[in-house]
Amino acid sequence: MRELLSNSKNCHIVEPLLLWFRRAARDLPWRSTYDPYHVWISEIMLQQTQMDRGVVYFNRWIGRFPTVRAVAEADLQEILKYWEGLGYYARARNLHKAAKVIADELDGQVPCNYQLLLTLPGIGPYTAAAIASVAGNQDVAVIDANVTRVYARLFDIDTPAGESLTKKRISDMARELLPRGRARLYNQALMDLGGLVCLPRNPSCEVCPLASFCKARQVGTVAERPVLGPGKKIITVEKVAGIIRHGDRIFIQQRALEAVWGGLWEFPGGELQDGTAEEEVVRQILTETSLVVRVVLPVTTVIHHYTRYKIVLHSFLCELIGRNTQTTLRSAVDSRWVVPADLGSYAFPAGPRKILKYIKATSPSLFESPRP
Ligand code: SF4
């Protein structure tokens, strides 16, 4: 530990890194003004999201919500719709909550104070450090996956990156190396270096501005750094969902706010338990909604991933038996019978969205009831 810290003290990476950043910095919309609101939105959006995709969502978001107050005053359903496709919807719900606090208590201004930022919903140490340093140029080190990788290679750290001791080592080094008064540029330069040059696989060491300081390069361990811990086991969960047709309407229900994908809409169903998928979808719909349906035909099976879960979702077109549209919802909080053309105005999680995309592309007539 002591050796690593003394190495970091003697490591003169700042100037070559900043020189490189001046030349190679990515042209990102929030970098034109460093408006704290823009930086906040970009940081939340870019968690678990690729940069190109994040920029598209960012521009669309700022076009609709140009200020914090615009977010605070918007309906949660609209917020979720603008977030649709980014996943991890708790981020959007927390962003909405935080915007209300900022509008009501902080005069609509996103703070740049690290400690104050930590008090806002959905803002943890990483996001607080990013906003404080990038928007406010406060002397706070930012450590994300890219930065961790760069440091693990620069100092050839041979302990698993996920271990708390390793995290502490990197955090100590990051604090030590941070050039006072230049955190905005330094932090972004490190993140860009990790995103553009020091890539997880096949890093471009030959063009790296820090190549002459890189210990892993010197000793030939680049491909083994950072050291990864044991991979998380993927758990497969099979589910069924019923697209219930009745006349010219389709049934959708809204998930409870505190549930996974809270506030989003879906087709009713549940986890595949005993029985066949067809039997199960009829049973689950009855349990979840009290609607009595029969399966008309299987539609498609889609797969999506959520944290360490692989969700295999079997979908069926169902028809209401009789004319009873009364529902008693068990876990959902709202339900609607909507015309297919209106489905696009609701936010759906990945599974139902893939099903809708499949129907639109292959069999849009599926939603039409057979003529008597
Ligand atoms: S020399 Fe290679 S491994 Fe080392 S920091 Fe640069 S890109 Fe990363």
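This is a predicted model: local features need pLDDT of at least 70, side-chain atom pairs count only at pLDDT 80 or more; totals for chains, interfaces and linings use all residues.
**View 1. The shell around the ligand.** The residues of this shell divide into 12 nonpolar and 2 charged, with no polar ones. There are 14 residues around the ligand, and those that come nearest are Cys198, Pro203, Cys205, Cys208 and Cys214. Two elements, α10 (145-154) and α13 (215-219), each give two or more residues to the shell. Of the elements, α10 gives the most, with 3 residues.

**View 2. Helices α3 and α4 packed against each other.** Here you can follow helix α3 (residues 36-46) as it packs with helix α4 (residues 51-64) at an angle of about 135°. Their axes lie 10 Å apart. An angle over 145 degrees would count as roughly antiparallel, and 65 to 115 as roughly perpendicular; α3 and α4 are therefore oblique to each other. The crossing of the two helices, α3 and α4, is right-handed.

**View 3. Side by side in the α3 and α4 contact.** From α3, look for His38, Ile41, Ser42, Met45 and Leu46. They meet Met51, Gly54, Tyr57, Phe58, Trp61 and Ile62 in α4. The residues of this contact of α3 with α4 divide into 8 nonpolar and 3 polar, with no charged ones.

**View 4. Where domain 1 touches domain 2.** The domain assignment of the protein gives domain 1 as 2-224 and domain 2 as 235-367. Taken over C-alpha atoms, the centres of domain 1 and domain 2 are separated by 37 Å. Their contact takes 8 residues from domain 1 and 7 residues from domain 2. On the side of domain 1 that touches domain 2, helix α6 (residues 76-83) provides the largest share, 4 residues. That side of domain 1 divides into 3 nonpolar, 2 polar and 3 charged residues.

**View 5. Two backbone details in loops.** As a reminder for this view, most residues other than glycine have a negative phi, and most peptide bonds are trans. Tyr88 is not a glycine, yet its phi is positive, at about 45°. You will find Tyr88 in the loop between α6 and α7 (90-105). The second detail is the peptide bond from Arg225 to Pro226, which is cis, with omega near -5°. Pro226 sits in the loop between α13 and β1 (235-246).

Key: Residues are numbered from 1 along each chain as its sequence is written. A residue is near a molecule or strand if its C-beta atom, placed from the backbone, lies within 6 Å of it. Ala, Val, Leu, Ile, Met, Phe, Trp, Tyr, Cys and Pro count as nonpolar, Asp, Glu, Lys and Arg as charged, and the others, Gly among them, as polar. Axes are lines fitted to C-alpha atoms, for helices over the stretch in contact, and angles run from 0 to 180 degrees between N-to-C directions. Angles under 35 degrees count as roughly parallel, over 145 as roughly antiparallel, 65 to 115 as roughly perpendicular and the rest as oblique. A crossing is left-handed if the near helix is turned anticlockwise from the far one by less than a right angle, and right-handed if clockwise. Two residues are in contact if their C-beta atoms, placed from the backbone, lie within 7 Å. Domain bounds come from an automatic or database domain assignment.
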